[in-house]
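Please look over the model below before reading the numbered points.

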Amino acid sequence: MRTECIGDHVKLKGKSYPCTVSLTMNLVGGKWKAVILYHLKDGEKRYNELRKEMPDITEMTLSLQLKQLEKDGLVARKVFGKKPPIKVVYDLTAFGKTFVPVLEAITAWGNQVVVEQGEFVKG
């Protein structure tokens with residue numbers, strides 16, 4: 001029997017999911033969560049650095065997704081200083097770093113799809 005089918009459902013932090021795939025997609029699914037994690041995989045970044053690397057994301061969406069990733073334990077938010085201008089950086093937690101191999105697999109698969117069926121566009 002496959003591991004994900006051991007029980008009728010799975011639980012994490014008091015929330016129930018029908019399967020481990022559902023749990024995973026809740027943590028990293030959607031249009032932006034995996035993209036944010038990808039941009040943090042090589043080290044910490046400030047909010048504005050993330051905005052520059054993802055120009056299509058709105059400020060509200062980035063803020064909300066970072067809060068959700070932080071709440072779920074994938075991203076850590078560190079604040080330096082007590083009065084403005086304060087410095088805030090985001091980084092992957094140890095738990096978030098366990099997702100890096102998945103991000104690398106997703107990236108490789110996406111690159112393969114583009115090479116075989118699409119095109120890389122500059123500018």
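Predicted model: local features only at pLDDT ≥ 70, side-chain atom pairs only at ≥ 80, totals over all residues.

1. Numbering runs from 1 along each chain as its sequence is written, and side-chain values use heavy atoms, without hydrogens and water.

2. Helix α1 spans residues 20-28, with Leu23, Leu27 and Val28 buried (under 20% relative accessible area, 1.4 Å probe, protein chains only; exposed is over 50%, partly exposed in between). These residues lie on the same side of α1, because they cover an arc of only 110 degrees around the axis (taken from the directions from the helix axis to the C-beta atoms). Helices (H or I, at least four residues) and strands (E, at least two) are DSSP runs, numbered from the N terminus.

3. The buried residues of α1 pack against β1, β2, α2, α4 and α5 (contact: heavy atoms within 4.5 Å). Just after α1, Gly30 has a positive phi of about 100 degrees.

4. Lys71 belongs to helix α4 and counts as exposed, at 63% relative accessibility. Its C-alpha is 9.9 Å from that of Leu27, 44 residues apart in sequence.

5. In strand β5 (residues 87-92), five of six residues are buried. β5 pairs antiparallel with β4 (residues 75-80) over six bridges (pairing needs at least two DSSP bridges). Val79 stands opposite Val88. Two bridges join β3 to β5, also antiparallel, with Arg46 opposite Val89.

6. Six residues separate β4 and β5 in their hairpin, and Gly81 in the turn has a positive phi of about 95 degrees.
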